[in-house]
Amino acid sequence: MPDAPGLELIAQDLNTAFAGSVEETYHEHDQAALIVNPEGVLDVLGWLRDTPGQEYGFMSSLHVADYLPGEPRFGVHYELLNMARVERLRVKVALPDVAGADELPEIDSCVELFPTAEFQEREAYDFFGIVFRGHPDLRRILMPEDYVGWPLRRDFPIGGEPVLFTHNEVEMPRWYE
Amino acid sequence: MVRVSAVGDRDTVADRETLERTADERLVGTTAIERTGAEDLEPAEELLTINMGPHHPATHGVLRLVVNLQGEVVKDLRPVMGYVHTGIEKSCEDKAYWKVIPFVERMDYLSYFFQMEAFCGAVERLLEMEIPPRAKYLRVIHMELNRIHSHLVWLGTSALDLGAMSMFFYCFRDRDKILDLFEMSSGQRMHTRYFQVGGVFEDIPLGFERNLRAFCAEMPSRIDQYAAILDRNEIFLNRTRDVGIVSRERLLELGVTGPLLRAAGEPWDLRKVGHYLCYDELDFKIPVGTVGDGYDRYRVRMAEMRESVRIVEQALDGLPEGPWIADDRKIVLPPRDELSTSMEALIHHFKLVTEGFRVPPGEVYYPIEGPRGELGCFVVADGSAKPARVHFRDPSFVNLQALRDMCLDGYLADLIQNLAMLDPILGGIDR
């Protein structure tokens with residue numbers, strides 16, 4: 001991973017290339033991270049991938065964390081890797097929740113830049129309800145297609161769903177539909 | 001050439017029709033579509049869409065593939081998964097850190113030691129905790145045994161998919177020996193919960209080393225036998241060679257890691273570059289393929305088993321004396337015998353069992369080299385005794401995206417081969 005001055009240099013270069021794209025940097029447990037503005041995420045990822053001297057060409061993971069009650073609520077994490085130098089860099093997008101009840105937070109999809117993100121963005125959509133604009137096939141991936149709700153959000157209760165057996169089917173109204 | 005018959009004029013040249021032969025390629029074409037004449041039989045606008053799975057013995061679990069077929073040529077393929085999704089990541093958020101360990105083991109049910117290491121290692125990094133050297137070696141021994149175990153199951157089931165039934169029994173015979181070793185050290189054959197935050201649960205018992213050395217002495221010759229069965233098997237060779245080739249660059253774009261990537265010629269192994277546990281002190285090679293077809297994937301995994309045996313032997317030779325778990329009473333359970341004599345130990349025991357230990361706020365991503373590729377664990381701690389988020393970057397889940405590239409414009413029968421050599425574990429994909 002880039003050391004602390006190296007991380008600052010990356011942040012500086014990014015802010016020169018795309019003003020206001022990097023909001024903050026932090027170094028934690030030997031891992032470097034950039035906190036990036038949601039609007040500029042594709043610029044930042046593309047710059048990190050293609051700029052000579054950076055070349056973080058491999059995305060090892062994309063995952064989301066829900067920081068409720070923190071603000072902004074969601075963090076979309078892109079774990080980038082430079083295989084030649086064995087350097088990892090986390091790009092974290094702080095994504096605020098949207099006010100409307102049936103609206104979802106949106107972010108640009110990076111499938112064009114990193115095709116590996118296709119399944120992982122679908123997974124993030126499935127579990128957190130984050131819409132990736134421009135994703136070729138944004139459907140639920142692990143939950144059933146007709147599932148309602150975003151199960152890995154922190155305000156989604158943990159608990160079971162009633163399983164239909166013959167002994168309790170009469171208690172489930174219109175179970176046969 | 002006209003051969004003059006001894007019978008004489010009954011067999012004159014004028015009565016003959018010589019059957020000309022040409023090379024096979026010119027007769028049947030070069031691509032799968034041309035060979036099967038699929039274009040004439042089935043025009044492109046009338047493709048057949050079929051479901052393979054979810055209950056198909058060759059999908060290694062409950063994986064459903066929606067396949068578009070032209071004749072018997074795969075034109076498109078979409079994996080559908082989630083049939084064994086059990087919400088483990090969500091359940092982990094409601095459990096104390098030490099109770100999460102048995103949960104994460106059950107994701108990828110063939111590489112439970114790796115799942116444990118990914119999670120425990122991530123938590124240890126959040127706690128800024130160093131584990132004792134003996135624990136590192138014991139972890140490496142068990143993880144490499146687990147790698148052999150996982151590859152043996154892969155070899156048995158994949159060979160079974162390709163028609164070599166006896167391989168299944170041979171591989172499971174050796175796998176059972178590994179499970180016996182796990183049972184010896186931890187009391188469980190699978191899902192052992194052997195790794196703890198801070199080290200391992202228990203030292204290896206008397207006799208473990210002897211049995212392990214006997215296993216290590218036997219295993220290389222076993223691998224030779226398996227290679228001898230498959231490497232000269234005409235069916236196996238024809239079905240794996242030059243099938244399912246995806247270029248190294250494309251695999252990297254798709255995020256594929258592990259034996260699949262190494263078979264395509266990229267020597268990427270986190271054990272070499274990740275500097276975790278004691279792999280830096282051990283001498284082993286990274287097997288790398290050249291063509292990147294199914295046969296290379298098979299060979300890379302076979303060579304990895306040999307290397308894993310070497311790693312286990314070296315780790316056993318270099319196994320340091322000392323404690324096997326860190327001496328931090330705020331995190332690690334006190335020894336059992338202290339409970340009856342020490343009040344502090346009893347209090348610590350009570351606190352750890354009821355509430356668990358607290359982890360300072362922070363987030364960490366800890367990748368290790370699993371049997372299928374980069375297995376990463378992402379943990380967010382919020383300062384309480386329960387993790388705020390546990391995410392596993394499962395290699396099967398990411399690698400599965402490469403299946404489409406492997407199968408396009410190939411035969412449907414090759415899809416089985418590609419899937420077998422991809423080695424997905426649906427428990428890990430669905431979590």
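Biologist: Through how many residues does a hairpin join β6(B) to β7(B)?

Modeller: Two. One caution before we go on: this is a predicted model. Now look at the strands themselves. β6(B) and β7(B) pair in the antiparallel sense, over nine bridges. Gly362(B) stands opposite Ala381(B) in β7(B).

Biologist: Which strands form the open sheet, and in what order?

Modeller: Three strands of chain B form the sheet, in the order β6-β7-β8, with antiparallel pairing. Strand β7 of chain B spans residues 373-381, and six bridges pair it with β8(B), again in the antiparallel sense.

Biologist: Which strands stand at the edges?

Modeller: β6 (362-370) and β8 (387-393) of chain B. Each has a single partner strand, so one side of each is left without a neighbour in the sheet. Neighbouring strands are turned by 15° against each other on average, direction ignored. There is a general point for reading strands. In a regular strand, side chains alternate between the two faces of the sheet.

Biologist: Is β6(B) largely enclosed or largely in the open?

Modeller: Count neighbours to decide. A residue is buried if 20 or more other C-beta atoms lie within 10 Å of its own. Eight of the nine residues of β6(B) are buried, so the strand is largely enclosed by the rest of the structure. Helix α6 (residues 112-126) of chain B lies across β6 and β7 of chain B, running at about 150° to β6(B).

Biologist: How many of the five residues of strand β1 of chain B are buried?

Modeller: Zero, so β1(B), residues 48-52, lies largely in the open. β1(B) does have a partner. Five bridges join β1(B) to strand β2 (residues 64-70) of chain B, and the two run antiparallel. Within that pair, Asn51(B) stands opposite Val66(B) in β2(B).

Biologist: Now helices. At roughly what angle do the axes of helix α8 and helix α9 of chain B cross?

Modeller: Roughly 165°, and the axes come within 11 Å. The helices are α8 (residues 165-186) and α9 (residues 208-231) of chain B. Angles over 145 degrees count as roughly antiparallel. α8(B) and α9(B) are therefore roughly antiparallel to each other. The crossing is left-handed.

Biologist: Which residues make the contact?

Modeller: On α8(B), they include Met167(B), Tyr170(B) and Leu181(B). On α9(B), they include Phe208(B), Phe215(B) and Ile229(B). By class, the contact of α8(B) with α9(B) has ten nonpolar, two polar and three charged residues.

Biologist: How do the axes of α9(B) and helix α14 of chain B cross?

Modeller: They cross at roughly 160° and come within 10 Å. α14(B) covers residues 294-317. The angle makes α9(B) roughly antiparallel to α14(B). This crossing is left-handed. Among the residues in contact are Leu212(B), Cys216(B) and Ile223(B) of α9(B), with Met302(B), Val309(B) and Leu316(B) of α14(B). The contact of α9(B) with α14(B) has eleven nonpolar, no polar and four charged residues.

Biologist: How many residues of chain B are in contact with chain A?

Modeller: 32 residues of chain B are in contact with 23 residues of chain A. Next, see which elements supply them. α4 (88-92), α6, α11 (248-253), β6, β7, β8 and α16 (395-399) of chain B each give at least two residues to that side. β6(B) gives the largest share, five residues. The side of chain B that touches chain A divides into 13 nonpolar, nine polar and ten charged residues.

Biologist: How many helices and strands has chain A?

Modeller: Three helices and seven strands. Along the sequence, chain A follows the pattern α-β-β-α-β-β-β-β-α-β. Its C-alpha atoms fill a box of roughly 65 × 30 × 30 Å, taken along the principal axes. Of its 177 residues, 36% count as buried. Contacts can also be sorted by distance along the sequence. Of the contacts in chain A with a separation of 6 or more, 46% come from residues 24 or more positions apart.

Biologist: Where is Pro69(A) found?

Modeller: Pro69(A) sits in the loop between β3 (58-66) and β4 (74-82) of chain A. It has 7 C-beta neighbours inside 10 Å, so it counts as exposed. Now compare sequence with space. Pro69(A) and Arg154(A) are 85 residues apart in sequence, yet 8.8 Å apart in space, C-alpha to C-alpha.

Methods: Residues numbered from 1 in each chain as written. Chains lettered and ligands numbered in written order. Predicted model: local features only at pLDDT ≥ 70, side-chain atom pairs only at ≥ 80, totals over all residues. Axes fitted to C-alpha atoms, helices over the stretch in contact; angles between N-to-C directions. Helix = DSSP H or I, 4+ residues; strand = E, 2+ residues; numbered from the N terminus. Parallel < 35°, antiparallel > 145°, perpendicular 65-115°, else oblique. Left-handed = near helix turned anticlockwise from the far one by under 90°. Contact = placed C-beta atoms within 7 Å. Nonpolar A, V, L, I, M, F, W, Y, C, P; charged D, E, K, R; others polar. Buried ≥ 20, exposed ≤ 12 C-beta atoms within 10 Å, placed from the backbone. Pairing = 2+ DSSP bridges.
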